[in-house]
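This briefing concerns a ligand and the protein residues around it. Please keep the sequence and the structure in view while reading.

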Amino acid sequence: MKLDPDRPIPPGSTIGIMGSGQLGRMTALAAACLGYRCHVFSPEADSPAEHVAAATVAPYSDAAALERFAASVDVVTFEFENVPHDCVKLLSERVCVRPSWECLHISQDRLREKDYMATIGVPTAAYEKVTGPDSLARAATNLGRPAVLKTTRLGYDGKGQVMVGEDTDPQTAWAEMGAEIGILESFVDFEREISAIVARTSDGHSATFDPVENRHVNHILDTTIAPAPISKALARDAVDIAGRIAQSMDLVGLLAVEMFVTRQGEILVNEIAPRPHNSGHWTIDACITSQFEQFVRAICGLPLGSPERHSDAVMKNLIGADIEDWPEHLSDGSAKLHLYGKLETRSGRKMGHVTRLFSKGSAPAP
Ligand code: AMP
């Protein structure tokens, strides 16, 4: 039965989470602190969220399992946005789904996402849709080189991305990208990458965490510096942009907005994610309300908490073999260690993160 969307979903209720990775795990931990139960649904067994929540392990196409899941939870949310359309549709007909299918739909496809930003007047890198090597060659002429060729769907952490430089052969780049439709984006010679995370409730209240700087290694987030070392005016712009996107999408939940700051001091949106985000992990230890608690509050219709930062923070992802240093992090008095319970260490796999705290204004120069 669908809940009245204007009534809070009270503590004691069960939150259904599609996906069962570390974002689901940290959401379930925050939810437990507020007295909620969580039930995760994913095709993967023994994944991080299953260690801390009830779990259904089934394919996203298993209609009977989805029916049972929908009947056992009070609200459904997502810890990743690439859940198949049919699955979300079925759930939306049975139970309150937050954020809405429309929000997921926009963020599932890079072209749709950039077209949407254009319709609401949010600047992005120049881009063109490409459908094959010839169209890639034309787009590269229009946009100029270097440019970045990306898959429109299911790309993350730089997967499905190819640099198109002066000498790149369109045939080769197209084959390397490996999808039937792509997007070619102008290469942004950015000064830094930042992100802002905004929470929004169904009655339109919102709260945004301080924008942070993100450093990537091999396209994977390596370090987040909170707050971002940028001017107050730029930070305000970043917060405004995140709020504007969330409002125009009528988003209920959390929205992470990744942005480039160009050398001319302009902000361009790169990507949005309607869920908790790796660049918000620092909030667990450095803010009054973490992104995960804020997410739970937003989807359950509770008042939002204060996003105030009580400490500066540097969050470092522990990727692959980085996890072997866990004893060192434990013996560092300023460090808070978070491990995701993944037994198999693989190169490029996010195994945990460590957040170092500093008193406000005293974080080491990045
Ligand atoms: P994405 O998968 O779009 O988040 O891209 C992963 C990373 O690749 C970004 O965080 C940037 O470091 C880099 N990148 C993506 N798109 C561009 C672009 N148009 N220009 C320059 N760097 C980019």
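Which strands each supply at least two residues of the shell around the ligand? They are strand S6 (147-151), strand S8 (182-186), strand S9 (190-200) and strand S14 (267-273); strands are DSSP runs (E, at least two residues), numbered from the N terminus. The model is predicted, so local features need pLDDT of at least 70 and side-chain atom pairs count only at pLDDT 80 or more, whereas totals for chains, interfaces and linings use all residues. Residues are numbered from 1 along each chain as its sequence is written, and side-chain values use heavy atoms, without hydrogens and water.

**The shell around the ligand**

- Among the 16 residues around the ligand (a heavy atom within 4 Å), those that come nearest are Arg110, Lys150, Gln161, Val188 and Glu193.
- Domain 2 (126-186) and domain 3 (190-358) each give the shell at least three residues; the bounds come from an automatic or database domain assignment.

- A polar contact is a pair of N or O atoms within 3.5 Å.
- One nitrogen atom of the ligand lies 2.8 Å from a side-chain N or O atom of lysine 150.
- For glutamate 185, the distance from a side-chain N or O atom to a nitrogen atom of the ligand is 3.0 Å.

**Threonine 56**

- Threonine 56 belongs to strand S3 (residues 54-57).
- Threonine 56 counts as buried because its relative accessibility is 17%, and buried means under 20% relative accessible area (1.4 Å probe, protein chains only).
- The C-alpha atoms of threonine 56 and glutamate 44 are 9.2 Å apart, with the two residues twelve residues apart along the chain.

Conventions. Polar contact = N/O pair within 3.5 Å; in protein donor to acceptor, adjacent residues only side chain to side chain. Helix = DSSP H or I, 4+ residues; strand = E, 2+ residues; numbered from the N terminus. Buried < 20%, exposed > 50% of the residue type's maximum accessible area, 1.4 Å probe, protein only.
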